[in-house]
Amino acid sequence: MQEACALALVKWPAEGVPGNPRAWLVGVARHKALDRARREARRAGKEAAAVSDPTAGPRAAVVPRAAAADPSSAAADELGLILMCCHPALDPAARIALTLRSVCGLDTRSIATAFLLPEATVAQRIVRAKRKIRQAGIRMWVPDGEELTDRLAAVFRVVYLVYSQGHMAAAGPELVRAELCDQAIGLARALAGLVPGEPEAAGLLALLLLTDARRAARTGNDGELVLLADQDRARWDRAKIAEGERLLETALRAGRPGPYQLHAAIAACHSCAASADETDWREIAALYGELIKYEPSPVVEANRAVAVAMSEGPAAGLVILDALGGNARLTSWPQFHIARAELLTRVGRRKDAAQAYQAALKLPMPAPERAHLERRLASLA
């Protein structure tokens, strides 16, 4: 990729930027990698090493099988780069941040928002990861077998975070960044094709489809935020819902549950409900309780609190949220303060609810969400 970028710096100013720069870079990088593999394959020393140690020889394949079968697929090419960047020698948090920045194009601020961390901390992780790659001479190839399995968790996380940043933009004029949502769904499809027997890959794709099915109904004609309970369910994409439910059923039949299957099951509870009033919040609370075993994070616990509030009453949810209030990472997440404000309003504590809305408004968020919160705050005055 470095050689491809260097060539682009020479050719593009003279010949013009190609119509699809990413595809151009990936294609040139692939050809250069294959040329290098052919040269090394002819060296006697390399051949001798390959005979004595099958794992030591050069890797000719630089893209996953899914990409090789469909070279025109940008998602498959991108997935190959993500797999290469998720090297196990790098710290898990650093490799995810590096991949999101270098391959998926997310800015450092968006990545920091996804991790609920200061922007400077994420920037340092990315710098350290790049330094480690240089100093250790890490070669980036697409793994197979056990190596591929070892990297799947990081790749799942990358795809999930790319979609999350598209589904709810960290800031800016729009609530949804459609290009990121589509990019993540394409990556999830390529990933499911690469490891067809992996239920978590099917669960991840099911989650994205079931969630994305609501995209058109999440904003009004003027781009304003429409809450889930107020959405016109006739605008939901029934084809995506049907495909997501089929994928989830297939994944669950494998008998190997995981966090993305549980996330998908929660999304299915919403998509299967004919109306907001018919949503099975008790089941959603139970699923979040199971999810905590896989993702013991305050974010999951806060989401469970909302489900508990919807099934058992706002006071029950507030008890959980208030117990989480001392978590510094959680207090930098606008949704935590928004959830508290909504529940405080429902129990009649309007002054406390206003303070919670004000705390949320101090944090970055997309313009439609900010406008919605300002209206909610004004209604409490």
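# Getting to know the helices and rings

Trainee: Where does Trp 12 stand, buried or exposed?

Mentor: Keep in mind as we go that this is a predicted model. Trp 12 has a relative accessible area of 19%. Since buried means under 20%, that value makes Trp 12 buried.

Trainee: And what does Trp 24 count as at 22% relative accessibility?

Mentor: The limit for buried is under 20%, and exposed starts over 50%. At 22% relative accessibility, Trp 24 therefore counts as partly exposed.

Trainee: What kind of aromatic pair do Trp 12 and Trp 24 form?

Mentor: Their ring centres are 5.3 Å apart, and the planes make an angle of 65°. Planes over 60 degrees apart count as edge-to-face. So the pair of Trp 12 and Trp 24 is edge-to-face.

Trainee: Which parts does that pair tie together, and how many residues apart are they in sequence?

Mentor: Trp 12 belongs to helix H1 (residues 2-15), while Trp 24 belongs to helix H2 (residues 21-41). The pair therefore ties together H1 and H2, at places whose separation in sequence is 12 residues.

Trainee: What about the rings of Phe 156 and Tyr 260: what angle do their planes make?

Mentor: The centres of these two rings are 5.8 Å apart. The pair is edge-to-face, a class that needs planes over 60 degrees apart. For Phe 156 and Tyr 260 the angle is 65°.

Trainee: In which helices do Phe 156 and Tyr 260 lie?

Mentor: This pair ties together parts that are 104 residues apart in sequence. Phe 156 lies in helix H9 (residues 145-167) and Tyr 260 in helix H13 (residues 259-272), so the helices are H9 and H13.

Trainee: At what angle do helix H6 and helix H8 pack?

Mentor: H6 covers residues 92-102 and H8 covers residues 119-136, and their axes are 8 Å apart. H6 is roughly perpendicular to H8, a class that runs from 65 to 115 degrees. The angle between H6 and H8 is about 95°.

Trainee: By class, how many nonpolar, polar and charged residues does the contact of H6 with H8 have?

Mentor: On the H6 side, the residues include Ala 93, Ala 97 and Leu 98. Across from them in H8 are, among others, Val 122, Ile 126 and Ile 133. Charged residues take part too, including Arg 101 in H6 and Lys 130 in H8. By class, the contact has eight nonpolar, one polar and three charged residues.

Trainee: Which residue caps the N-terminal end of H7?

Mentor: Helix H7 (residues 108-115) has buried residues, among them Ile 111 and Phe 115, and the buried residues of H7 pack against H6, H8 and H9. At the N-terminal end, a side-chain oxygen lies 3.1 Å from the backbone nitrogen of Arg 109. That oxygen belongs to the capping residue, Asp 107.

Trainee: Which residues does Gln 165 touch?

Mentor: Gln 165 sits in helix H9 and counts as buried, at 5% relative accessibility. Leaving out residues up to four places away in sequence, Gln 165 touches Leu 106, Ser 110, Ala 114, Ala 170, Arg 177 and Leu 180.

Trainee: How far apart are the C-alpha atoms of Trp 281 and Val 308?

Mentor: Trp 281 lies in helix H14 and is buried, with a relative accessible area of 19%. Its contacts beyond four places in sequence include Ala 307 and Met 310. Trp 281 and Val 308 are 27 residues apart along the chain, and their C-alpha atoms are separated by 7.3 Å.

Trainee: To finish, how many helices does the secondary structure of the protein come to?

Mentor: Of the 381 residues, 47% count as buried. There are zero strands, and the helices number 19.

Key. Residues numbered from 1 in each chain as written. Predicted model: local features only at pLDDT ≥ 70, side-chain atom pairs only at ≥ 80, totals over all residues. Heavy atoms only, no water. Phe/Tyr/Trp six-rings, centres within 6.5 Å; stacked < 30°, edge-to-face > 60°. Helix = DSSP H or I, 4+ residues; strand = E, 2+ residues; numbered from the N terminus. Buried < 20%, exposed > 50% of the residue type's maximum accessible area, 1.4 Å probe, protein only. Axes fitted to C-alpha atoms, helices over the stretch in contact; angles between N-to-C directions. Parallel < 35°, antiparallel > 145°, perpendicular 65-115°, else oblique. Contact = heavy atoms within 4.5 Å. Polar contact = N/O pair within 3.5 Å; in protein donor to acceptor, adjacent residues only side chain to side chain.
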